[in-house]
Amino acid sequence: MTRHTPEYLSARASMMSLRSLAAHQAQQAEELRRSFQEEAMARQTPATPDREFEKKVHAKDLDPKDFTKPYLEFMTGQPTVFHATAYFKEMLGKAGYTELPSRENWAGKLKPGGKYFVTRNGSSIIAFAVGKAYKPGNGLAMIAGHIDALTARLKPTSTKPNTHGYVQLGVAQYAGALNETWWDRDLSIGGRVIIRDPETGKTTVKLAKLDWPIARIPTLAPHFGIGMMGHNNRETEAVPIIGLDNSDLSGASTSEDAEPLGGAGSFTSTQPAKLVKLIASQLGVKDYSTILNWELELFDSQPAAVGGLDKEFIFAGRIDDKLCSWAAFMALLHAKSDDNDGVIKLVALFDDEEIGSLLRQGARGNFLPITIERAVEVLSADTKTTFGPGVMGQTFANSFLVSSDVTHAAHPNFGSTNLPGHSPRLNVGVALCVDASAHMTTDSVSMAILDRVAGIAGCVNQRHMIRNDSRSGGTVGPMLSSAMGCKAADVGIPQLSMHSIRATTGSLDPGLGVKFYKGFLDHWEEVDREWVA
């Protein structure tokens, strides 16, 4: 395969060379460093999300550094998949999108030029804008990613017996969490809580999160001669401590002997009493028995931050994959809209990718195909087009999917894992991910299409491929493209330390992602017309 040197990238599609790009982005990094010195990030007004979205700006004219601070604020403020989904819903409402409840009839509610979104389980979301010139059978420009991340979730009974005066919390690993990177980290807690209103009898869902660290998984000092890296039992040796209770030393009754909150047999009686009180207080719940259940999880509470001598890095938890997902979402909000748009522009963000996507809110479920089918059905009825397999087959054949998940950046300390010419760098651009065994969807056709998009948008597409002696990961791309039969490619923003509790990407990479994804949404229709059917 061709090695993508700076000279080759310059020659291909007249795109900017890596050398000139590096000089340009060094200047951007210096400007970013100065802006952070002028005012603390916490006091900054978000540069993008809270203002009117400028849709007339071309992708090539977007400045990646404008998206750094908004991304940091998103990452710090939305630690769980439920908070991320609620954030996206709020932003869509501000941008004029209309929610389509899945349990209602959509007939008469969609039209060309309209903007809509639908959620599932409070943890997956699909947003789409229908082109003003859309006709049934036209295609979709789609971007799909995931917003779940490795975490530790509270067990159904999370109360544990006190051990040597420590109050501990029963948690279970989600995907590969509770690995060695979770030791000695400041952990807080958040998620969703199921509450019944005793006056109305109605049951609702509320989100909760504590804004200080409440938990820690302590390591054992090396003096004891027991290694702490990769040899520990996650059930017995990775149990978080959340408090102290030494009442047993004085012979006094312990918290375990107290009357259970909510009464015997209630859900809250199976949870640590002080934690129940904290969550109830935050949500304004006075009767503990009305808390029917919850899905709470631990998360690294350290804020996302820029770092490096020139502030060229981002250090944050949960980068996989709130990086590509946020960038794709922002690209949709910034996507151009004119009278000639004949396609549907769509972004789908899923839950459960890290555990196989097999649940109903995952990409292997029917969420995306059924949402598209229902939308096309309504839009067909308005034009008196006969809806059926023919229209849907035509729709998917005319569509393109960008499966977007983070990918591995070239590593400075483990060079043997890098494949020459196929290990992307930070702050350069997205990478087209290729796998000869089809763990990724990218092929020669989809690469050519996205390289053309990048040329129009002023982006550089890098390449990523693993070595033959390495194991490939997976994404939502193969399962979605095979279910719908549409063209597809896998695209990732590079990061270091994937699946660590805290990872690294470039400070310009969120904005470079927005730039590329906006270029795809804005220009895929015209690029598609360049191809001979």
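Reader: Let's start with Arg-318: is it buried or exposed?
Author: Arg-318 is buried, because its relative accessible area is 12%, and the cut-off for buried is under 20%. Keep in mind that this is a predicted model.

Reader: Where is Arg-318 found?
Author: Arg-318 is in the loop between β12 (313-316) and α6. Its phi is near 65 degrees, which is a positive value in a residue other than glycine.

Reader: And which peptide bond is cis?
Author: That's the bond from Asp-320 to Asp-321, with omega near -5 degrees. Asp-321 belongs to helix α6, residues 319-334.

Reader: What about Ser-497, what's its phi?
Author: Ser-497 also has a positive phi, near 65 degrees, and isn't a glycine. You'll find Ser-497 in the loop between β19 (494-495) and β20 (503-506). Ser-497 is partly exposed, with a relative accessible area of 37%.

Reader: OK, switching to strands. Why is β2 described as largely enclosed?
Author: Strand β2 covers residues 115-120, and five of its six residues are buried, so the rest of the structure largely encloses it.

Reader: Which strands pair with β2?
Author: Strand β1 (residues 98-99) pairs with β2 in the parallel sense, over two bridges. Strand β3 (residues 124-130) runs antiparallel to β2, and six bridges join them.

Reader: Which residue in β2 is the bridge partner of Glu-99?
Author: That's Phe-117. On the β3 side, Phe-117 stands opposite Ala-127.

Reader: What do β2 and β3 form together?
Author: They form a hairpin with three residues between the strands. Asn-121 sits in that turn and has a positive phi of about 65 degrees.

Reader: Now helices. At what angle do α7 and α8 pack?
Author: Helix α7 (residues 367-382) and helix α8 (residues 389-397) pack at about 115 degrees, with their axes 11 Å apart. The crossing is right-handed.

Reader: Which residues make the contact?
Author: From α7 you have Ile-372, Glu-373, Val-376 and Ser-380, and from α8 there are Val-391, Met-392, Thr-395 and Phe-396. By class, that contact has five nonpolar, two polar and one charged residues.

Reader: Last one: how many helices and strands does the protein have?
Author: There are 11 helices and 20 strands. Of the 533 residues, 52% are buried. The protein exposes about 23600 Å², with carbon and sulfur atoms supplying 52% of that area.

Key: Residues are numbered from 1 along each chain as its sequence is written. This is a predicted model: local features need pLDDT of at least 70, side-chain atom pairs count only at pLDDT 80 or more; totals for chains, interfaces and linings use all residues. Side-chain values use heavy atoms; hydrogens and water are left out. Helices (H or I, at least four residues) and strands (E, at least two) are DSSP runs, numbered from the N terminus. Buried means under 20% relative accessible area, exposed over 50%, partly exposed in between (1.4 Å probe, protein chains only). Accessible areas come from the Shrake-Rupley method with a 1.4 Å probe; for residues, only the protein chains shown count as cover. Axes are lines fitted to C-alpha atoms, for helices over the stretch in contact, and angles run from 0 to 180 degrees between N-to-C directions. A crossing is left-handed if the near helix is turned anticlockwise from the far one by less than a right angle, and right-handed if clockwise. Contact means heavy atoms within 4.5 Å. Ala, Val, Leu, Ile, Met, Phe, Trp, Tyr, Cys and Pro count as nonpolar, Asp, Glu, Lys and Arg as charged, and the others, Gly among them, as polar. Two strands pair if DSSP finds at least two bridges between them.
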